[in-house]
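Reader: I am new to this structure and would like to go through it step by step. Could you show it first, and then take my questions in turn?

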Amino acid sequence: MKTKTLLTALAMSSMLTIGLVGNAFAAPVTLTYWSGFTGGDKQAYLDLIKKFNDTHPNIQVDYQLQPWDSIAQKLPTAIISGSGPDLATPDYNVATIQQYVANGLALPLDDLIPQVGQGVLPQAVIDSFSVGGKLYAAPANYATLLLYYNKDLLSKAGIAAPPKTMTALQDDAVKLSNGNGQYGISLADNATIQMWPVLIWSDGGDLISNKCSALADPKTIGTVEKWSALIRDKKISPVGSTGQDADNLFAAGKAAFEINGPWAAGQYKSAGVNFDVAPVPVGDSGKPVTLASTVPTIVSSKTAHPKEAQTFLAWWLSKDTQAQLSTAAAYAPSRNDMATDPAITSNPTVAAFAVQVPNARLYLPTEKDFAKIDTGIFIPAIQSAEQNGNAADALKAANDQLNQLLGCQ
Amino acid sequence: MTFVTAGHRPRRWAHAGSGPLFLLPSALIIGVFVLYPIVQSLWMSLHDWSMFQISHPFIGLANYAELIHDRRFWNALLNTVIFTLATVPVQVIVGLVLAIALSRSTWWAVFLRSVYFFPVISSFATMAIVWRFLLSADVGPTASWLRALGVTPLDWLHSTIWALPAVILVGLWKNIGFTMVILLAALQDVPESLSEAAVLDGATRWQRFIHVTVLSIRHALLFTSVIAVIASLQVFDQVYVMTRGGPLFHTETLVTYMYEQGFTEYRSGYAAAIAWVLFILIVLVSIVQLRLFRYSDVD
């Protein structure tokens with residue numbers, strides 16, 4: 001009996017020792033992360049990933065940068081086949097995650113909010129990243145758009161300060177356009193983070209309202225008519241510009257204004273443009289409004305490490321990490337509770353973008369047919385108004401198409 | 001006797017088996033990377049196939065029926081046909097003229113051959129970006145020079161009238177060198193004696209060109225025109241980089257539309273149906289070309 005007890009105790013202590021030793025030498029969990037941030041903000045992300053890996057010996061993130069197109073083409077099939085990453089930024093358009101959620105490819109992040117805190121994430125993020133009351137993505141960044149202006153061009157035209165109203169912006173844009181290669185504003189309409197919705201929202205119009213098209217709303221038509229007429233008749237902006245075209249024009253010092261996000265500041269600085277930023281002017285609605293841009297990070301539904309993936313996302317959304325991201329890339333923090341944080345207020349550029357968070361709206365955030373609405377309906381209507389001067393007809397035709405797509409009468 | 005028979009059998013077997021073994025590597029590559037995707041895309045075109053879904057419901061010819069009512073598809077088809085009709089004849093005729101003009105072995109002819117061939121070996125995506133700058137009315141050297149001369153530059157790529165011609169011109173700039181080199185090689189093989197015989201028979205220069213030169217290089221002409229038609233019907237990269245199909249779909253081609261359906265809207269089945277329409281179009285046009293050039297195996 002004694003021998004049996006002794007053997008049992010020996011076996012148990014051996015198992016305990018093996019377990020402890022095994023645990024102490026357990027290999028760290030590696031999370032694969034496909035990311036599309038290959039632009040000017042790339043280094044800021046790389047530095048943060050390194051910081052996470054240095055401070056989390058048990059979780060290592062294998063950060064794999066890929067072009068957005070490549071991620072869009074490979075990610076769905078990679079997740080379905082089980083060969084995909086644990087974390088990914090599927091697209092810079094937030095609505096894309098709807099497809100991932102609808103087809104069960106994204107994991108609900110039930111552990112994230114308890115770690116980050118209730119009411120900490122911006123409401124616009126919660127609304128667009130949630131389906132059926134569950135959060136399916138975390139913001140990799142959060143940006144707002146501001147009005148960039150070329151100080152030299154304004155000063156030459158005798159304009160002392162950037163405009164505060166849309167009417168003043170239009171007047172200044174006309175004054176600053178010389179019809180010979182200098183434009184008042186550089187307004188892109190395709191292959192870009194959209195600028196036109198800001199103009200429409202500022203006058204009280206919309207693209208979609210109560211789940212149906214608002215493109216034929218008189219306020220929407222009025223805004224597009226006004227701006228497209230100025231573009232056609234007063235040549236305040238080139239027509240049909242891509243985001244890159246618009247940025248090139250401002251960087252070349254040939255446009256006085258541009259509505260753009262924080263990522264553009266670096267290239268304008270290196271191009272030697274003497275610029276500053278101001279809030280987007282207020283339109284007929286009398287309320288300040290701008291566009292928000294956020295890139296979702298999802299956790300694959302096939303991941304073997306859901307807890308570790310959410311630990312990483314919680315760290316990403318922590319105050320320290322957000323402060324570092326804001327300082328390095330001028331993004332607004334993806335949290336509501338950092339408006340008075342010294343890291344934000346001490347940097348005027350970061351503060352200017354961050355202060356716009358309460359006024360910022362996302363573009364078509366929850367439309368599963370985002371691409372069809374954006375490239376197939378909205379952009380052609382705007383381009384038709386710019387090219388042919390038929391804003392009302394173009395928007396009414398687009399309105400019918402959109403209502404048909406949304407199932408509205 | 002028995003010894004001899006036994007000795008022959010393995011050798012005959014080895015001889016018969018070596019052929020398929022030699023073919024196997026190529027057959028495997030073609031099977032995996034060409035034949036299987038072709039069959040798979042046909043299968044996909046008969047389904048409501050999305051990259052996001054595990055199951056793909058069979059819908060028969062519904063994707064093809066939808067194409068019939070899809071205005072963007074017909075617009076893309078029309079743009080593709082215009083691009084092809086504008087590109088192929090110019091590419092072959094100018095390529096032939098250049099080949100004849102530069103068939104001499106002088107140093108300047110050799111230099112110009114390299115100049116005309118340079119675009120062929122350059123990356124189209126990179127060159128398309130360069131052309132975007134050159135054709136811009138606002139940013140880039142051409143715009144600056146023209147404005148300095150008091151001329152308002154044309155905004156080629158944002159104009160609904162000029163965007164497609166601009167894309168066509170850049171396509172020609174890129175591909176004429178290829179046609180020129182193939183025809184140049186063919187011209188070197190035309191026997192001098194044929195031309196001399198035609199001169200003795202009293203043929204004019206034009207008659208010699210048509211009945212001797214063109215007739216002798218007809219295989220090369222067929223090859224270059226078939227390749228040019230296929231490349232034109234499949235045009236994608238220059239359109240995608242220069243205009244993304246805009247403005248207002250005026251440069252959208254079948255392949256750019258297919259890409260958008262497949263990788264932006266994730267409708268792989270519908271994109272596969274577009275691919276099959278394009279495939280059938282290419283086969284039909286190629287058959288017509290072979291007939292026109294009276295090509296047969298005897299040739």
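Author: This is a predicted model, in which local features need pLDDT of at least 70, side-chain atom pairs count only at pLDDT 80 or more, and totals for chains, interfaces and linings use all residues. Residues are numbered from 1 along each chain as its sequence is written, chains are lettered from A and ligands numbered from 1 in the order in which they are written, and side-chain values use heavy atoms, with hydrogens and water left out.

Reader: How many residues of chain A are in contact with chain B, and how many of chain B take part?

Author: Contact means heavy atoms within 4.5 Å. By that rule the two sides are 36 residues of chain A and 26 residues of chain B.

Reader: Which residue of chain A forms a salt bridge with B:Glu265?

Author: A salt bridge here is a side-chain nitrogen of Lys or Arg within 4 Å of a carboxyl oxygen of Asp or Glu, and the rule finds two across the interface of chain A and chain B. In the one formed by B:Glu265, the closest N and O atoms are 3.8 Å apart, and the partner is A:Lys372.

Reader: Is A:Arg335 buried or exposed?

Author: A:Arg335 lies in a loop of chain A, between α14 (319–329) and α15 (342–345), where helices are DSSP runs (H or I, at least four residues) and strands are runs of E (at least two), numbered from the N terminus. A polar atom of its side chain lies 2.7 Å from the backbone oxygen of A:Leu317. Buried means under 20% relative accessible area, exposed over 50%, and partly exposed in between (1.4 Å probe, protein chains only). The relative accessible area of A:Arg335 is 11%, so A:Arg335 is buried.

Reader: Which strands stand at the edges of the sheet in chain A?

Author: Two strands pair if DSSP finds at least two bridges between them, and five strands of chain A form an open, mixed sheet in the order β2-β1-β3-β15-β6. Because each edge strand has a single partner, one side of each is left without a neighbour in the sheet, and these strands are β2 (59–65) and β6 (138–139).

Definitions and conventions: A polar contact is a pair of N or O atoms within 3.5 Å; within protein, one must be able to donate a hydrogen and the other to accept it, and residues adjacent in sequence count only if both atoms are side-chain atoms.
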